Structures are given as structure tokens and as C-alpha cells.
Amino acid sequence: MDLKNFITKAPRTSQFSRRAMLRAAGCGFGFMGLESVLAQAASMPSTDPLTPKAPHFPATAKRVIFLFMHGGPSSIDSFDPKPYLDANDGKPLPIKQPLTFAQGKTGGLMKSPWQFKNRGQSGIPISTLFPKIAECADDLCVIRSMVGEGVDHGAALLQTFTGTFTFTRPSMGSWALYGLGTENRNLPGYITIKPALSHGGAKNWSSGFLPGPVQGTAIGHAGMQVSEIQKEPIEYLINQGLNREQQRYELDMIQAINRKHQELWKYDDELETRIQSFEMAFRMQAEAHKVFDVTGESEATKKLYGLDEPKTADFGWQCLLARRLAESDVRFIQCTHSYKWDQHSDLFEKHNENAAEVDKPIAGLLQDLKARGLLKDTLVIWAGEFGRTPISESGNGRDHNPYGYTIWMAGGGVKPGFVYGATDEFGYHAAENRMHIHDFHATVLAAMGLDHLRLTYKYSGRDFRLTDTAGNVHRDIFA
Amino acid sequence: MILRRIQVVSAVAFLSVAPAFSQTPAQVELFEKYARPVFMEKCAGCHNEKLKSGGLDLTSTDALRQVAGSGIFGEAAHPEKSVLLKALAYEDRVRMPPQGKLPDATIEGIKEWLTAGAPIPGAATVSAEPGSGTGLRAVALRGKITEEDKKYWAFKPLVKPDVPAVKNTAWAGTAIDKFILAKLEGAGLQPAAPTTKTTLLRRATFDLTGLPPTEKELADFLADKSPKAFEKVVDRLLASPRYGERWGRHWLDVMRYADSTGSDEDHRYPHAWRYRDYVIDAFNADMPYDQFVREQLAGDILAADPNSNTGYRGVVATGFLALGKKALAQKDLPLKRYDVVDDQIEVTAKAFMGLTVNCARCHDHKFDPIATKDYYQLAGVFASTTSYAKLAEGEPIQTPLVPAEKFETFRKAWTDYLDVEKKIAKIIDFDKDAKKARDAEEANIARYMLGDQTLDPKKLAAWSAYLKSDAPELAKWRAATDANRKEIAQQYQEEFRRGAYQYDQDLSWWKGARNSYPNSGKIAGPRPAVSKVKDPFFYAVWLDPKGPAYRSKDEQIATLQPEKATELRALMAQSATLEKTLPTEEIPMASAVREGEAVKQHVFLRGDYHNEGDEVDHTPPMILRVNAPALPVKTNSGRLELANWIVDSRNPLPARVMANRIWQGHFGDGIVRTPDNFGRLGERPSNPELLDYLATSFMENGWSVKKMHRLIMLSNTYQMSAEYDAVKKEKDPENRLLSHFPRLRLSIEQIRDSYLAIGGDLDLKMGGTLDPGVGTDGETSANRISMNPEATTRRSVYLPLRRSNLPTLWMLFDFGDATTPDGKRSATTVSTQALFVLNSPLVNREAQALAERVMAASKSDQQRVESLYLKILNRKPDAQEIESGMAYVKDLQGKWKDIGPQKAWQSYSHALMASNEFIYIY
């Protein structure tokens with residue numbers, strides 16, 4: 001007896017609403033091209049939040065890779081030289097000290113223990129802390145005027161990723177995915193690699209009140225070994241009991257049962273949606289497995305990212321994976337260098353250690369993206385949750401400073417070899433072209449072709465957006 | 001600086017335009033549109049009546065006229081010369097606001113207003129109206145209760161409506177049916193036929209208990225031909241303890257229940273689970289809802305009154321106020337305090353009254369008659385309630401549920417012991433000292449392994465002995481070749497470093513937590529241990545007494561001066577003695593609030609506590625007092641008075657809101673589909689008369705929730721089939737009128753608990769906690785993630801919830817965030833849910849267990865298929881389904897040699913468990 005006899009044929013799409021057909025197409029059925037999906041999306045309202053959508057205006061970046069340095073790397077020791085500190089080492093801070101985290105433990109001004117040099121054609125000053133990234137100076141757009149309000153890590157992370165630490169709100173990656181949808185339905189559209197479990201944890205990649213499917217998918221978490229993660233990069237991705245062929249056979253049975261059941265409820269589109277979700281899950285198992293397996297990369301590439309050295313192997317794997325996900329059209333990708341940058345003491349020693357873990361992988365990623373032609377439409381962002389104070393803490397460390405700090409971007413339409421904004425002479429407050437986190441969000445969305453004022457979602461009776469009631473796009477950073 | 005400048009300008013004030021006191025509407029509009037928002041949002045933080053930064057108060061029209069008199073606004077003909085504009089344009093040394101230049105468009109607006117002569121509305125136009133108290137308000141609408149407000153449906157007094165006349169009297173057996181049918185007939189629709197008994201039993205059992213019916217329950221119900229058969233089922237289900245676990249969870253969604261603080265540090269609330277158990281018990285005991293509300297809001301105050309018969313239960317009941325999200329590391333202390341107050345107001349208003357009032361923290365509600373003043377009246381109640389034991393340190397309050405002396409004995413014994421431990425650490429911190437030595441060794445590990453002869457010979461010998469051992473973790477080392485030995489040694493060194501990092505973190509969090517155990521009435525568990533399995537190299541090198549980097553306590557003590565060592569040994573002996581007498585029984589405690597000092601609450605202008613407006617009373621919002629007058633406040637906070645006022649029968653909202661929640665629990669959608677928002681931004685009721693009928697019945701029946709279930713479930717409306725046709729879909733696509741029963745998706749708790757029940761593994765033990773810890777865990781520790789739902793067989797409602805990292809499974813199936821009140825979950829369908837159903841070890845394990853049981857119980861394949869249908873889909877299969885199932889099991893085994901009968905039946909069970917029919921209720 002052949003099982004196929006029991007499988008009721010899928011109803012022809014004409015029996016279904018256009019909505020169901022669109023969903024089927026969105027799930028990756030090959031019978032409709034992307035253009036027709038987009039055309040349909042334009043002509044009818046979709047209930048599938050992942051359907052590809054046209055941006056508000058032409059985008060310069062199709063996707064984002066966010067390299068997050070958890071703990072708060074010091075700007076004035078890396079990308080924002082402060083000669084004033086060299087000249088006034090040990091002297092008291094001549095301005096009123098703003099609210100700090102480690103009140104009472106802070107001392108006078110402390111000069112940077114690293115040397116700054118002008119790098120590349122552009123002459124951007126970068127310290128000896130990041131020798132490899134310094135070689136990519138001409139690709140960087142250094143923003144020295146970031147401003148946030150979170151004085152502690154939790155508040156600062158939540159504000160960096162969701163815009164607020166007072167409320168629970170969707171993360172910026174979720175907003176981007178909600179705004180643009182995703183073109184590869186065999187992978188999640190928003191992936192965060194080894195994210196932090198502390199300081200807001202999953203709230204930093206959650207979809208908040210946006211539809212659940214736009215939430216970030218975590219690949220492992222900070223503290224996990226890469227070898228552990230590789231066993232099952234996405235939770236529930238691997239079936240332990242059946243091989244792929246057998247599982248397909250079982251899935252055919254599930255669908256046969258579903259098709260019979262569907263005959264009773266022929267006006268209910270939801271049933272078809274769930275049937276298709278199983279087909280997509282089955283494809284995702286195969287597709288994700290391929291993407292997460294980096295063994296096929298050439299030795300030269302692995303070396304470029306530092307996979308061959310224990311110190312750089314972890315973050316190198318993250319960066320290499322980020323490139324592979326970018327190639328697979330994942331919309332928003334995040335790598336996290338785990339909570340190490342919080343140098344309240346031993347700044348020189350520990351910052352050197354941390355930098356040694358990320359410097360080569362990040363430079364490798366930039367070079368690789370460039371060589372493959374991906375950098376032009378991939379926006380790479382390097383940032384911590386804040387910078388560190390020009391005054392010392394515990395003698396040889398620095399406290400948190402959200403009032404003026406540096407991030408950098410590369411690719412995705414930003415000006416290469418460019419410095420934007422400035423802090424005051426001490427490196428405490430942003431003084432020129434202040435880019436508040438709301439502005440940063442507005443600007444990143446703009447690179448992706450989204451107007452932060454129009455990217456809204458109605459919840460609890462009113463329209464919400466990532467930038468709340470604020471946010472200005474800083475157009476000057478775009479080429 | 002700015003003060004001096006203004007004095008200079010004042011000297012030439014006679015040149016400036018005289019501020020106009022009689023204004024045209026167009027002029028007033030310029031002020032409202034451009035000037036007022038800037039003054040209020042950007043300047044009022046410093047330039048207010050209290051701070052008067054630079055001598056300027058920009059927060060009232062009177063003050064503004066005075067400011068105008070100083071000439072700061074300049075001449076209408078030359079606005080660019082005005083001091084104000086120069087400061088805003090960042091053209092001068094004085095740059096305002098200091099946080100950053102305003103957008104050009106905003107400055108242009110101010111210029112336009114200046115060009116018009118800086119008009120300021122006369123006193124009559126914006127004088128503070130009663131209820132506002134903000135003085136200068138962006139929208140001068142609210143605070144005055146209009147007739148229209150009073151007529152808004154949700155605020156109208158509750159009156160029992162007449163039951164409407166209907167045509168199809170044969171169908172409409174109950175009043176509920178008549179209310180439903182009247183709307184259907186009005187729309188030209190008819191109700192669906194009654195559903196089958198089989199379907200009805202599945203529907204009702206999942207509805208009331210969150211679990212599927214057993215085969216016996218189905219057989220009994222089918223056999224019972226009496227007209228009361230279903231009524232008996234409903235009563236049986238309502239009497240089951242499973243009922244409280246299912247319906248208590250609905251309430252916990254509204255109360256945004258979780259077991260940790262969320263936000264930044266995500267510390268555990270070690271006693272929050274007692275509130276969860278209280279809710280489950282309350283539903284099981286059918287506690288009258290008015291009492292339920294009173295106990296949750298003011299149970300601690302009731303407990304203090306022996307006549308109230310509340311006792312410690314009342315203390316536990318206030319848990320919902322105590323277990324909200326908290327930013328423990330927040331340095332701005334008043335903000336920290338009022339963020340908690342804000343959370344408490346949000347839950348109280350949404351849960352009991354279906355109102356969103358939190359926007360009024362900064363401005364009057366733009367749509368509902370809730371003024372800023374109303375918000376701060378409630379804020380006064382909760383600001384006078386204590387939620388933190390220590391605000392600055394971020395220690396939430398915990399209340400012992402035993403006499404104070406007993407708790408004090410416990411706390412003192414543990415604290416004394418820990419104090420001695422602290423004294424020991426002052427002489428030598430064994431862990432720190434060991435770490436220091438280890439750090440020094442760490443960088444040399446590769447060199448030791450490679451036998452660098454410049455290093456300490458004794459240690460080299462220890463290393464050499466270890467490397468020669470047959471320890472399994474050294475397999476990679478043994479396999480190293482000359483070409484890669486150096487690299488491999490580096491890898492070992494790195495592995496060690498990672499292990500050390502994680503261990504240090506875990507240890508430091510444990511130590512931090514240990515000191516707070518006594519205050520929690522809890523006894524600290526053992527020190528974190530390094531797993532020999534997970535981190536064998538790190539363990540072998542450093543913690544094994546034979547390890548090359550091991551450092552014994554004696555070695556550590558030997559580094560001390562003799563007299564210090566003597567002192568230390570005495571302290572260690574003392575510690576050992578104290579340790580023997582430590583209490584071994586934990587003290588039951590609650591995460592609860594208590595009465596604090598009564599604050600004089602002021603309105604905070606624009607939500608900023610620096611910026612105080614009028615003082616307010618501790619009392620409910622004005623619009624709600626129209627129906628039910630508020631009692632004078634006698635307790636410190638006014639919490640008890642608030643609670644009593646909420647359940648005053650003249651107050652129409654609580655009964656309406658709860659009746660709607662109960663209806664929603666049965667039908668998926670409420671009569672109002674925004675259960676937490678009955679305001680103007682919420683949806684209107686689809687059947688207002690029915691809602692009022694339910695609400696009045698609720699109060700008439702002594703606020704009994706179980707009686708509401710009976711009332712609803714014994715109606716023909718509840719017992720309709722879910723079938724519908726094209727006409728119904730066309731006329732009422734969202735089934736708002738209920739012409740048929742809706743299709744509902746199981747919640748994640750129902751899905752998981754059912755799988756466990758079907759597999760025979762569900763543990764029905766009730767209550768208690770599955771997480772005995774306090775504090776939080778290492779920054780990168782997996783312990784930060786909420787308990788894995790795969791790791792226990794207890795019912796889902798008992799799984800502890802760590803707010804910052806809820807289980808992936810919960811997030812996949814629309815659980816919500818356990819941080820904001822959420823009276824209604826969504827039901828999405830995405831492929832990652834399918835991954836869980838297909839691949840989760842739990843689902844596959846239960847399918848296997850089920851297959852084994854069914855195979856053992858019956859020998860015939862047909863019986864096995866029938867049994868699986870009954871257990872999973874709670875119905876009998878038809879002939880085609882039996883044939884198909886048997887064929888599948890046979891085919892699987894024929895196709896693959898590695899699939900035997902057991903695996904084949906497992907796969908078939910799994911297919912049925914994964915099916916659409918399983919996950920939907922009809």
C-alpha cells in the first residue's frame with residue numbers, strides 16, 4: 001500500500017485567498033519570483049511580517065553587521081585622541097563631574113597609555129590598541145560624538161538596542177526586519193551570535209510588541225564554546241531520531257493528516273499557513289546546517305579571521321559566520337564580544353588582551369567583505385554600550401562614560417576614511433555633531449532605506465517607533 | 001552666566017516690545033504651536049519656579065510675562081537679535097538647551113513667535129483648570145470632566161439590561177444565548193448547530209484545565225445520556241486542582257508575573273512563587289473577586305487587622321506590587337523609585353480597571369479624561385508604599401511569614417557566621433590569593449607544557465608528571481606533532497583561561513549572593529564547583545590537589561606572618577564552631593510590599609521629579625469618582641481605601657473588565673477585544689448589553705468566578721459547533737457576533753503539558769519553587785536563562801521565569817514578555833515553532849513513551865491506531881484513518897532497516913502530535 005494514496009492533494013491556490021497564496025510564496029515556494037511577491041505585497045495587505053517589503057527610499061545598505069563590544073571600550077584610548085589629557089595627567093577634572101557609576105572611587109585625569117598615529121591616506125588617528133583595524137582606517141567612518149543616558153551597563157545596552165531603558169520595546173534589528181522583511185525564508189532574518197545574557201539579556205534582541213517572527217534568533221550565548229554551539233546552532237534545529245529522508249517521510253504523513261483535516265475547514269487560511277511553516281522548517285534545517293558549517297572555507301580565509309590562533313578563534317568564527325550570513329541575505333546580524341571591556345581597573349593590561357581577541361577578526365571581516373563586493377551594501381557597525389571616563393578609577397582604570405563616546409561604521413554607503421563629530425577637550429562630553437542613540441537609530445534605519453518617522457507600529461492604541469519622539473538622521477556621514 | 005546677561009538686558013528693557021495681553025486666536029495659536037512646547041519640554045527642567053535657573057521661570061504665563069518684561073525676547077522687528085534666539089541658535093556663549101541644539105525647524109518656530117511680538121495668552125485662556133494642576137499644559141483639554149466623558153460607554157453606571165426578544169426561541173435557552181442571538185438575527189445570521197459531545201469535551205477540558213480529556217472521561221461522557229451530562233463535566237472540571245493552574249495563569253499574564261527583576265541585573269525574587277501559588281489557590285478556592293482585588297492591593301494592611309481573617313496570605317497577595325521589573329543599578333534614585341511606582345500604577349489601572357493611565361505621567365491623556373493630576377494622585381498611593389528595602393543598593397523588600405523574632409534569630413546566626421568569614425578574608429582571602437597565584441601561572445602554561453627550562457624546576461617537574469599521565473583531557477596533547485606542538489600548547493593555555501574566567505565569575509556571583517541569603521531567609525547552596533567533565537584541564541591543573549598549579553590552604557597560610565597565622569587559625573576555629581549551630585531550616589518569606597511613610601505627592605511637570613507642581617491627594621482619578629465617591633484616606637498610603645473603592649459596586653469598570661476577561665478565556669476574544677484598555681483607544685464592545693449582563697450577574701453572584709464559568713459554559717452559545725460557511729465568513733469575517741465557536745490555538749503551556757500528559761510523564765505536584773537561588777548568576781552563565789522547559793516534567797505554570805532570558809520555547813509561542821501587563825496573547829504561526837514540534841527532545845521522548853505504552857497495551861495494529869487517536873486527538877479514527885495509520889507504520893519498516901516496530905509507532909505517534917488537529921481547539 002502506498003502512503004501517497006492517502007495524501008490529499010494540496011488544494012489549488014485559486015481555492016485560497018490571495019493572502020494564503022502570498023504566504024505560501026513567502027515561505028519560499030518557487031512558483032513566484034520575488035518581483036511578483038513584491039508586486040502582490042504592494043497591492044494587498046499582508047499578515048506575514050517577514051514578506052519582503054520595499055524600503056521607503058533607496059537604501060545604501062541591504063543589511064547590517066553589528067560588532068558589539070560589551071562592557072564599554074575606551075574611546076579616548078582608541079579612536080579619539082586627547083592631547084589635553086597628556087598635558088594634564090593626574091590633575092583634577094576642571095568641569096563639573098557628571099553622574100558616574102563608581103561615585104567616590106574616581107580620581108583625576110588620566111592620559112592614555114597608548115600611542116595614537118595617523119593612519120592610511122585619510123590620516124585618521126587610531127591608537128596602537130588596534131593595529132590591524134588601523135590598517136583599514138580608510139574604510140572607516142569614525143563617529144566621535146555618540147551620546148546616551150545609561151550610566152550602568154543594563155540601561156546602556158537596553159538603550160543601545162531598543163532606544164529606551166524605561167520601557168520594554170522592540171530591538172533595532174526587529175524594527176529593521178519588520179520594515180523590510182527578509183529575502184531568504186530558509187534562515188531567520190535577524191541573527192545574533194553569542195549575545196549577552198546579562199544587562200537586559202534577550203530584551204536586547206526581542207521583538208517587543210512587534211510580531212513575534214521579527215525577534216532575533218540567538219546562536220548560542222556569551223560564555224558558550226564555539227564547539228558546543230556548532231552542535232545545534234539554533235535551538236530545535238536537529239532531529240536526533242530520524243535521518244533526513246526518514247524525517248521527510250514522517251513529514252509527508254503529518255501533512256497527509258493535515259490535508260484530510262483541512263477538508264473540514266476549507267475557509268480557514270490559518271491551516272495552510274501552519275502546513276507551510278512545517279515545509280519551511282524542514283528546508284531551514286538543511287539550509288542552516290550549510291551556513292553554519294565553516295569547514296569548507298579556505299585555509300587562507302580561516303587565517304584571515306584568525307581561526308588558527310586560540311586567542312582570536314572565537315571572535316574570528318563569529319566574524320566569519322557573520323560574512324556567511326550576510327552572503328545568505330540575513331537582514332540583521334550581530335556579533336558580541338562578551339562582557340570583557342569593563343575596565344574599572346587594569347585598563348592597559350585588560351584592554352590589550354581584549355583588543356588582541358577582536359582586532360584581527362574585525363580587520364579580516366572588513367577585508368573579506370570588501371574583496372567579495374559585499375562591503376558596499378553591508379553596513380558594519382562597531383560599538384560598545386558607552387565609552388570610558390577621562391578621569392581614572394581605582395588608580396589605573398576608567399569609569400563608564402555615556403556622555404561622549406566613539407563608534408565607527410564601514411561600508412553600506414557611509415563616507416570611508418572620515419571622522420564625524422567631536423568630544424570636548426577632555427573627551428567627556430560630545431561637543432560637535434552630537435549623535436544621540438535615537439539619532440544613531442534614525443541614521444542606521446536611513447542607511448537601510450527606512451524613514452524612522454514612518455516606520456511605525458500601532459500598539460495599545462497608538463503608533464510607536466524605534467526613535468520614540470526623537471531622532472535626527474545625520475546625513476553628513478553618508479557618501 | 002545667563003543671569004548676568006539678563007540683568008544687562010533688563011537695563012535696556014524699555015526698548016523692547018511691550019508684551020501684549022489681549023491676544024487674537026491666531027497669536028495664541030503661535031504660542032501654543034511653537035513656544036509652549038519648547039518651554040515645557042526643553043526649558044522647564046531648570047527654568048521653573050523652584051530652580052529658577054539663571055533667574056528665569058518659563059513655566060507659567062504669569063512668569064513668562066515677567067520674563068518678557070526683562071527684554072529677553074527682543075524686538076519683533078529683529079528677532080535674530082533676541083537673547084533667546086541667540087542662545088537657541090548656539091550663536092553666543094550662552095547655548096541653550098545645554099544638551100544640544102534644537103532642530104532648525106523648532107528654532108524657526110520660535111522666531112516666528114518672536115516676530116509676532118512674542119504673544120503670551122492672557123490668564124483666562126490657560127489658567128489651571130481643576131484637575132489639571134500642571135499650570136501650563138500642552139493640551140488644555142482634560143482635567144475638566146465633560147458630559148461626553150461621562151457618557152462614554154465604559155464610564156457609564158452599570159445597569160442590568162433587559163434580555164432581548166428573539167425569533168429562534170428554540171435555540172436560545174439562556175439569557176446569554178438571547179443576547180447573542182439578537183445580534184445574529186439583526187445581521188441575518190443563525191447560530192451553528194450544537195457540536196458533538198466528543199468535540200465539546202475536548203474544548204471544555206482544555207478550557208478549564210489546560211489538559212486533554214482522558215479516554216475514560218470521554219467514555220463516561222459519551223455513556224451519560226442524561227440532560228445534565230455536560231453540567232456534570234463542567235462541575236467536575238471546576239473542582240479539579242488543574243483548574244486553578246490554568247485560570248491562575250490567565251491572571252498571571254495580566255499581573256506580568258515573573259521571578260526576577262529583569263531590566264539591568266535580573267536578580268531573582270526568591271519568594272515570588274508564593275504569589276503565583278496564592279493566585280492558583282485563589283482560583284481553585286473560588287475566592288470572591290472583590291476580596292481577591294482587595295488582598296492583592298492591600299493584603300498587608302488587612303493582615304495587620306486580626307478581624308480581617310487574612311493573615312500571612314494577605315502579605316503574599318501583595319506580591320504583584322513587589323515583583324515588577326526593577327533597574328537595580330540605576331543611580332538616579334528618585335527616578336528609580338518612581339519607575340517602580342509607574343509600573344505599579346500601570347498594572348493596577350490595566351488589570352482592575354482596564355485603563356491606560358501611564359501617559360499621564362508626563363502629559364494629560366490625549367484621549368481619555370485622565371489628567372496628569374490623576375496620575376500623581378495614584379502615584380501618591382504607591383510612593384507611600386515601600387518596594388525596596390534598600391533603594392540605593394537595589395535590594396527589593398522581602399517579608400518573613402513567621403513572627404519577627406524567629407526570623408531575627410535565623411538572620412543573626414547566619415550573619416554572625418558570615419562576619420567571621422569576612423574577618424578571615426580580611427587576613428587572607430583564600431580565593432583571591434589563589435587567583436593571584438593562578439593568574440601569574442596562567443601566562444606560562446604553554447611554556448611549562450613545552451618544558452621551558454628557565455621556569456621553576458619544581459613546577460616543571462609537576463607539569464611533566466601530569467603530562468605523562470593518561471588523563472583523557474590530554475589526548476590532544478599526546479597526539480601533537482613537532483610541527484604543531486607549540487600551537488596545541490597555546491590552545492591548552494587558552495582553554496585554561498576560559499575555564500578560569502567562567503569560574504571566577506560564578507564564584508564572585510555566588511559570594512555576592514551568599515551575603516544576601518540571611519536577609520532572604522534562605523540558606524546558601526554549596527560553592528560553585530568546576531565540572532571535571534566540562535572543564536577537565538582547568539580542574540586537573542589547578543583544583544586537583546595533585547595538579548601542577550594547585551595551591552593548598554596550608555601553603556597559603558604559610559605566606560602569613562606568624563601572629564597573623566595564629567589569629568587566622570583562631571578565627572577559622574570560631575567559624576567552624578558557629579557553622580555547627582547554624583539554623584538548618586529556611587524561613588518562609590514573601591516578595592511583598594509594606595506601608596511606607598506617607599509622602600506629600602506633587603505633580604511632576606513633564607514627568608520630571610525636579611520639577612514639582614501642585615500637591616495632590618492620594619485618591620483615584622476624577623472621572624471614576626463620578627460614579628463611586630472615594631473614601632477619605634486613613635491608612636498611610638491610601639492603598640486600602642483605593643482597593644475598597646475599586647470594588648465598590650457603584651464603580652462600573654472592575655466588573656465589566658473581569659467579566660470580559662472571563663469571556664475571553666472561553667472564546668479567545670473578549671466582547672471588548674482590548675481587555676486591558678477600555679478607554680477611547682481600545683475597541684468598543686461587540687455586544688455591550690451582553691457585557692453588562694455578565695458584569696451585573698458577576699456581582700449578583702458574589703463575584704464568584706466559577707459561577708461565571710457555569711453561566712457561560714452551560715449556554716448554547718458555548719456549545720455551538722465551530723463550523724461555518726461562506727455566507728458567515730462573508731458577513732462576519734472575524735466572527736465578532738459568534739455565529740459559531742471560534743477555532744483556538746493551544747497556548748504553549750497547554751501544548752507542553754499535553755505532550756507530557758499524553759506520554760504519561762506529567763508531574764502533577766503543585767506549588768513550590770524549582771529555583772532555590774537568590775541574587776543572579778555570572779554574566780555569561782547559562783544559569784541566567786530561565787529554566788529549560790525540557791528539564792522538568794512539572795506543569796508549565798511552575799517553571800521559574802527569569803525576565804531577561806525567558807525560555808526560547810515560551811518566546812516562540814507568544815508567551816509575552818512577563819514584564820508588561822498582557823491580558824491577551826497573540827497566536828502567530830512561524831516555522832521555528834514547527835522546528836520545536838519536529839525536533840524537540842521533549843516531544844520525541846513523549847512520542848516514544850506513548851508508543852511504548854500503546855504497543856504494550858494492545859497487540860492489534862488497528863487497536864493501536866484507535867488508541868493513539870483517542871489519546872492524542874481525543875476522538876475515534878475513521879476507517880480511512882485507521883488504514884492509513886497502519887500502512888504508514890508498515891511502510892516505514894519496509895523502507896528502512898534501522899526502523900523497527902517501536903520506532904515506527906513512535907514516528908506515527910509523533911505525526912499525530914504534530915498535526916494541526918492536535919494544536920487547534922474547535
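**Ground rules.** This is a predicted model, in which local features need pLDDT of at least 70 and side-chain atom pairs count only at pLDDT 80 or more, while totals for chains, interfaces and linings use all residues. Residues are numbered from 1 along each chain as its sequence is written, and chains are lettered from A and ligands numbered from 1 in the order in which they are written.

**Helix α3 of chain B.** I looked up which residues of α3 (residues 61-69) are buried, and found B:A63, B:L64, B:V67 and B:A68. Seen down the axis of α3(B), they fall within an arc of 145 degrees, so they line one face of the helix; the arc is that of the directions from the helix axis to the C-beta atoms. After α3(B) comes B:G71, with a positive phi near 90 degrees.

**Helix α34 of chain B.** Next I turned to α34 (residues 748-758), where eleven of eleven residues are buried. Charged residues have their place in that list, which includes B:E749, B:R752 and B:D753. B:G760 follows α34(B), and its phi is positive, near 85 degrees.

**Chain A overall.** I counted 13 helices and 18 strands in chain A. Of its 479 residues, 59% are buried. Mean pLDDT (the predictor's confidence in each residue, from 0 to 100) is 89 for chain A, and 90% of its residues reach 70 or more. I flagged residues 1-47 of chain A, where pLDDT stays under 50 and the model has 65 contacts beyond four places in sequence. Two residues are in contact if their C-beta atoms, placed from the backbone, lie within 7 Å. Among contacts in chain A with a separation of 6 or more, 76% join residues 24 or more positions apart.

**α8 against α9 in chain A.** How do these two helices cross? Their axes come within 10 Å and cross at roughly 170 degrees, which makes α8(A) roughly antiparallel to α9(A). Axes here are lines fitted to C-alpha atoms, for helices over the stretch in contact, and angles run from 0 to 180 degrees between N-to-C directions; under 35 degrees counts as roughly parallel, over 145 as roughly antiparallel, 65 to 115 as roughly perpendicular and the rest as oblique. From α8(A), I noted A:L251, A:I254, A:Q255, A:N258 and A:Q262 in the contact, and from α9(A), A:L271, A:I275, A:F278 and A:F282. By class they are six nonpolar, three polar and no charged. Ala, Val, Leu, Ile, Met, Phe, Trp, Tyr, Cys and Pro count as nonpolar, Asp, Glu, Lys and Arg as charged, and the others, Gly among them, as polar.

**The A–B contact.** Chain A gives 63 residues and chain B gives 67. On the chain A side, α5 (153-162), α8 (244-264), α9 (269-292) and α11 (310-327) each supply at least two residues. That side divides into 29 nonpolar, 24 polar and ten charged residues.

**Positive phi.** Most residues other than glycine have a negative phi. A:S394, not a glycine, has a positive phi of about 50 degrees, and sits in the loop between β10 (387-393) and β11 (397-401) of chain A.

Conventions. Helix = DSSP H or I, 4+ residues; strand = E, 2+ residues; numbered from the N terminus. Buried ≥ 20, exposed ≤ 12 C-beta atoms within 10 Å, placed from the backbone.
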